[in-house]
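Work through the following exercises with the structure at hand. Each task is followed by a stepwise solution.

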Amino acid sequence: MLEIRWHGRGGQGAVTAAEILATSAIKEGKYAQAFAAFGPERRGAPVQAFTRISDKEILTRCQIYEPDIIVVLDKNLCTMEGVGDGLKDGGAVVLNTDGKAEDYLYVFKKAGKVATVDATEIALKELGTPITNTAILGALVRVTGIVSLETLEEIIKQRFRQHAEKNISAVRRAFQETALLETGERR
Amino acid sequence: MVRRIGISGNYAVAYAVKMADVDMIAAYPITPQTTIVEKLSEFVANGELDASYMNVESEHSAISACVGASLTGARVFTATSSQGLALMHEILFMASALRTPIVMANVNRALSAPLNIWNDHSDAMAQRDAGWIQLWVRSAQEAFDATVESFKIAEETRLPVMVNMDGFIVSHMYEPVELPDEEEIRKFIPSRPLENRVSTKRAHAVGVVGPPEYYYEMKYQAIDAIEESRPKIKEIDNDFNSRFGKSYSEIDTYGIEEADAALILMGSIFGSAKEVANALRRDGKNVGVISLRVFRPFPVQELRRAIEGIRAVGVVDRATSPGGSGNPLYNEVATALYDMPERPVIQGFVAGLGGRDIREDDFRLMYDATQKAAREGAGRCIYVGLRE
Amino acid sequence: MKCVKTTLKGWREIPEGGAITEPGSSVNFDVTAWRTSSPVIDQEKCTKCGMCFLYCPDSAIEIDETGNYRVNISYCKGCGICAKGCAPKAITMVKEGH
């Protein structure tokens, strides 16, 4: 079972991204869960969401405390307490930043892979608004291959309807532009 | 053909209600309402569901409108949560005593104060005595299946049914759900006119005065009806199983055959409790878990059979009864087991109030404490995870 | 005067939900014993305005075949509203037994 924890801010679409990923995995015949640690919903407030993906039926419904993957939709969140907590040894991080992966290793000490992409820039160009969730999904699929790009795009089409094309462009650009740092930490 | 899709528990209920071809939906659309009725209003607006959708000004009005519509023979649905259910309180009793087969989804959330929109069971437990059948689901799939079954249960027993679903943990969690064909669902619950209903064709008065000479007898009818619903719930589930290949009994058990200690609980934590029981069993601890799917009518006989040979049970309450001799589920279990010749020791727990996550370690603690109770006797109720 | 005596039904006999399934059940309800006085209509003074018919809370005022207003004494509880509401003062409340 693969456990993913998402960190974003209200309005960036972290919860939606968690749901799209789970729905894509379910579409591919797997078992999956997506859920959020809802706070009172406010634009800009830190948000956590979770996705579990497995080949077998998932029993647990606890929140995720020791994720295999951490996805961060906003680099500024890295300065907050708890974003890197519990990452499994050698786990992966997917981070929206215009900076370098090396600069964030102090937060994700045990990470085996740190993928970076300037999702804000991509979202502003492709969508005209800094909603970074679809771009970050492109990066996540690139470095982990959890689901296929085709399935992801199909689910995005169903979910966003008239806004699907722009979002698919964001996914594809992020997929291309993701940089990966392998730290040598092992799983 | 069965479709397998990823949706939330809320949407699973909305799909079930749509497939059940309801005639009327009344709901108050503001917090703590959920996306169940949002999705349903979309179905009605798109013409996918031919039903009358009433946006009312409170939950009290929502349930009142449902009672009225149900009395005319319409198939009705409403959904609510926490404070909304509390506001419905007085009408809930009328719905059961007037024998209106209303189906309501209740997304379980804590009652204020402090203001809280997260999961626990205080809302439904506070309506324990309203005369409604209460089903408790553990996943989005069960939410769908139970909602479908509920329409048949309600109409055959002529009692209202509350489908309880844990707030966020099921209601807002996306997970796989298998949806049968709408046609098959409609064959399972064909819409047929109920007898003895208000119409413009025939004189019929309901909601009449029941003076002391009559109130008692009228009330007893609803008491008898919920007792009589036990075999009907089973029958309807058998029928559901033969058509859709899914069966749900009043209680579900896991690993209790050789267990010396077992947890008894309701709602979505069943999965996590099984997961932890599994791990403990690998370490040689004989623990199991029992989950109730039906809370009203309370499955006394089923529970007694299940716990035979178990030395201690731990009852996990996600609601409290301040100043009571125990908390709601504990009290039910204790009463159900009291006159057994050899009954287990009963340890009470309170956990997960107001959306506090019940973590794997919390389950370990509860299993350990229940095993300890088997050796040394039960202590006072343990408030799991409470900071001193 | 009829003596009102009802046999109380058991819970199985009462219609579901306590519904009243037959119309006009109030016809069986004789309130003769409730009265201390009853209305007497002076047909000479009566203008047939129908106010007594409208005001009577128990529908005890009836119109006969000649168009005159009459009191159905089985349903009159002697409240006197008809007499109060009668503009030409055609109705007098007379004490029972006089």
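Two residues are in contact if their C-beta atoms, placed from the backbone, lie within 7 Å. The model is predicted: local features need pLDDT of at least 70, side-chain atom pairs count only at pLDDT 80 or more, and totals for chains, interfaces and linings use all residues. Residues are numbered from 1 along each chain as its sequence is written, and chains are lettered from A and ligands numbered from 1 in the order in which they are written.

**Exercise 1.** Find which pair of chains has the most contacts.

Step 1. There are 2 pairs of chains that touch, and chains A and B have the most contacts.
Step 2. Chain A and chain C share no contact; their closest C-alpha atoms are 42 Å apart.

**Exercise 2.** Describe the side of chain A that touches chain B.

Step 1. Chain A brings 17 residues into contact with 20 residues of chain B.
Step 2. Helix 1 (14–27) and strand 2 (31–37) of chain A are the elements giving two or more residues to this side (helices are DSSP runs of H or I, at least four residues; strands are runs of E, at least two; both are numbered from the N terminus).
Step 3. Strand 2 of chain A gives the most, with 6 residues.

**Exercise 3.** Describe the fold of chain A.

Step 1. Chain A has 5 helices and 7 strands.
Step 2. From the N terminus, their order is β-α-β-β-β-β-β-α-α-α-α-β.
Step 3. The C-alpha trace of chain A spans about 40 × 40 × 35 Å along its principal axes.
Step 4. In chain A, 62% of the contacts with a separation of 6 or more join residues 24 or more positions apart.
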